[in-house]
Amino acid sequence: IAQGNQPYPCKYVIASKTMERQPQYSITVRDWKTGWQVGSDDFAFTNATNAEQIAPEEIKDKLSELPANFQAGAAAAGDGVVTGAKDILKKMSDYMAAQGAISFGFDAVLEVVTTEEQKLSLASSGSVTLNRPDKIHVARSGGFADVEMIFDGDTMTLAGKNANLFTQFKIPGSLDNLFDEMRTKYDRPLP
């Protein structure tokens, strides 16, 4: 967490305790911006490559982020404890909750294990632009994915650029509603 008057998150490490081999996903945040620095015209999908449109039900089969012979891989867990961590986390949470607009770039690493037991780290980079209460644009490329997600408060668009596919569906409402629908209805949890 950045120190000072803008305590934004600098790095996330997400490790699953419920999935086999406990995969680990780490994200390093860069280029943090808030308020007027964040563009507001970034929430419309343009099908610039004439991608094929698919039904929302086909997301899981056709827009997979990993090849079929990959499985989530094991990762080592850290056990360090930072003094005052709860206070720092609370300060960051309060700061982020108060922001109406946020944008940042990120670099991520996903550890995977092939069916041949070879451990690989897949690196990717991307950007996030968020305008509360109901707009988000996420783009990520690298590893085996070149994906984009755009939500304008009414329509969700998922595009797999390397697959030349996209889907759109209505999910009117807030970002919280979007996150709930994506997790429960489409099996696509968003952080």
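Q: Asparagine 131 first: does asparagine 131 count as buried or exposed?
A: Asparagine 131 counts as buried, because its relative accessibility is 14%; buried means under 20% relative accessible area, exposed over 50%, and partly exposed in between, with a 1.4 Å probe and protein chains only.

Q: Before we go on, what kind of model is this, and how are residues numbered?
A: This is a predicted model, in which local features need pLDDT of at least 70 and side-chain atom pairs count only at pLDDT 80 or more, while totals for chains, interfaces and linings use all residues. Residues are numbered from 1 along each chain as its sequence is written, and side-chain values use heavy atoms, with hydrogens and water left out.

Q: Ok, which strand is asparagine 131 in, and what does asparagine 131 touch?
A: Asparagine 131 is found in strand β6, where strands (E, at least two residues) and helices (H or I, at least four) are DSSP runs numbered from the N terminus. Not counting residues up to four places away in sequence, asparagine 131 touches Val38, Gly39, Ser40, Phe43, Gly100, Ala101 and Leu175, contact being heavy atoms within 4.5 Å.

Q: Leu175 is in α3, so which residues of α3 are buried?
A: The buried residues of α3 are Leu175, Leu178, Phe179 and Met182. Viewed down the axis of α3, they fall within an arc of 95 degrees, so they line one face of the helix; the arc is taken over the directions from the helix axis to the C-beta atoms.

Q: What's on the other side of α3, and what covers the buried residues?
A: Asp176 and Thr184 are exposed on the other side of α3, whereas the cover over its buried residues includes β6, β7, β8, β9 and β10 (165-170).

Q: How accessible is leucine 178?
A: Leucine 178, which sits in helix α3 (residues 175-184), counts as buried because its relative accessibility is 0%.

Q: Which residues of the largest nonpolar core touch the most other members?
A: Of the 26 residues in that core, Ile136, Met156, Phe169, Ile171, Leu178 and Met182 touch the most other members; a nonpolar core here is a set of buried Ala, Val, Leu, Ile, Met, Phe, Trp, Tyr and Cys residues joined through side-chain atoms within 4.5 Å. At least two residues of this core come from each of β2, α2, β5, β6 (119-131), β7, β8, β9 and α3.

Q: And what is isoleucine 171 in contact with?
A: Leaving aside neighbours within four places in sequence, isoleucine 171 is in contact with Phe151, Gly153, Asp154, Met156, Asn177, Leu178, Glu181, Met182 and Tyr186.

Q: Switching to β8: how many of its residues are buried, and in which sense does β8 pair with β7 and β9?
A: Strand β8 (residues 145-151) is mostly covered, with 5 of its 7 residues buried. The pairing of β8 with β7 (residues 135-142) is antiparallel over 7 bridges, and that with β9 (residues 155-160) is antiparallel over 5 bridges, two strands being counted as paired if DSSP finds at least two bridges between them.

Q: Which residues stand opposite each other there?
A: Serine 141 stands opposite aspartate 146 in β8, and the bridge partner of glutamate 148 is alanine 159 in β9. In the hairpin of β8 and β9, which has 3 residues between the strands, glycine 153 takes a positive phi near 95 degrees.

Q: How exposed is serine 141?
A: Serine 141, in strand β7, is partly exposed, with a relative accessible area of 36%. Apart from neighbours within four places in sequence, serine 141 is in contact with Ser124, Ser125 and Asp146.

Q: Last topic, α2: how far does α2 reach from its first C-alpha to its last?
A: Helix α2 (residues 85-97) has 13 residues and reaches 18 Å, close to the 18 Å expected at 1.5 Å a residue, the expected span being 1.5 Å times one less than the number of residues. Met92, Tyr95 and Met96 are the buried residues of α2, and these pack against β1 (11-15), β2 (24-34) and β5 (101-114). The face of α2 turned away from its buried side carries the exposed residues Lys86, Asp87, Lys90 and Ala97.
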